[in-house]
Amino acid sequence: MAITKVWIDEGCTACCICEEICPEIFKVTDECHVQVVPDLNKFESAIHDAVESCPVEVIKIVEV
Ligand code: SF4
């Protein structure tokens with residue numbers, strides 16, 4: 001499985017947990033944004049941790 005896409009659904013509370021877990025991918029200002037990186041899979045484990053840690057479950061990924 002390879003992560004091909006990461007996005008944030010509506011409802012982010014800007015709690016910053018995802019940015020603390022994986023700042024290379026997640027940037028939180030007034031809401032969370034996914035940063036463009038060339039190889040998402042370099043951060044696969046941290047992205048999964050962020051998905052599981054988001055308190056409102058708005059981090060979405062596509063794996064193929
Ligand atoms: S962990 Fe979830 S709610 Fe918190 S900033 Fe990230 S996307 Fe938003």
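Tutor: Happy to! By class, the shell around the ligand is made of 12 nonpolar residues, 1 polar residue and no charged ones. In this scheme Ala, Val, Leu, Ile, Met, Phe, Trp, Tyr, Cys and Pro count as nonpolar, Asp, Glu, Lys and Arg as charged, and the others, Gly among them, as polar. A word on the source: this is a predicted model, in which local features need pLDDT of at least 70 and side-chain atom pairs count only at pLDDT 80 or more, while totals for chains, interfaces and linings use all residues. Residues are numbered from 1 along each chain as its sequence is written, and side-chain values use heavy atoms, with hydrogens and water left out.

Now to the names. The ligand has 13 residues around it, and Cys12, Cys15, Cys16, Cys18 and Cys54 come nearest; a residue is near a molecule if one of its heavy atoms lies within 4 Å of it.

What space does the ligand take? It takes that of the largest cavity. A cavity is a set of points, on a 1 Å grid over the protein atoms alone, where a 1.4 Å probe fits but cannot get out, and its lining residues have an atom within 4 Å of a point. A molecule sits in a cavity if more than half of its atoms lie within 2 Å of its grid points. The structure holds 1 cavity of 30 Å³ or more, and about 80 Å³ of space lies in the largest cavity. Such a volume is the space filled by probe spheres set on the points, which are joined across faces, edges and corners. Lining the largest cavity are 13 residues, of which Cys12, Cys15, Cys18, Cys54 and Ile59 are the closest to its centre. This lining divides into 12 nonpolar, 1 polar and no charged residues.

Let us follow one of the ligand's neighbours. Cys16 lies in the loop between strand E1 (3-8) and helix H1 (17-21). Helices (H or I, at least four residues) and strands (E, at least two) are DSSP runs, numbered from the N terminus. Cys16 is partly exposed, with a relative accessible area of 28%; buried means under 20%, exposed over 50%, and partly exposed in between, using a 1.4 Å probe and protein chains only.

Finally, the setting: the protein has 2 helices and 4 strands, running β-α-β-β-α-β from the N terminus on.

Technical notes
1 Å grid on protein atoms, 1.4 Å probe; cavity = no way out; pocket = protein on both sides within 12 Å on 5 of 7 lines; lining within 4 Å.
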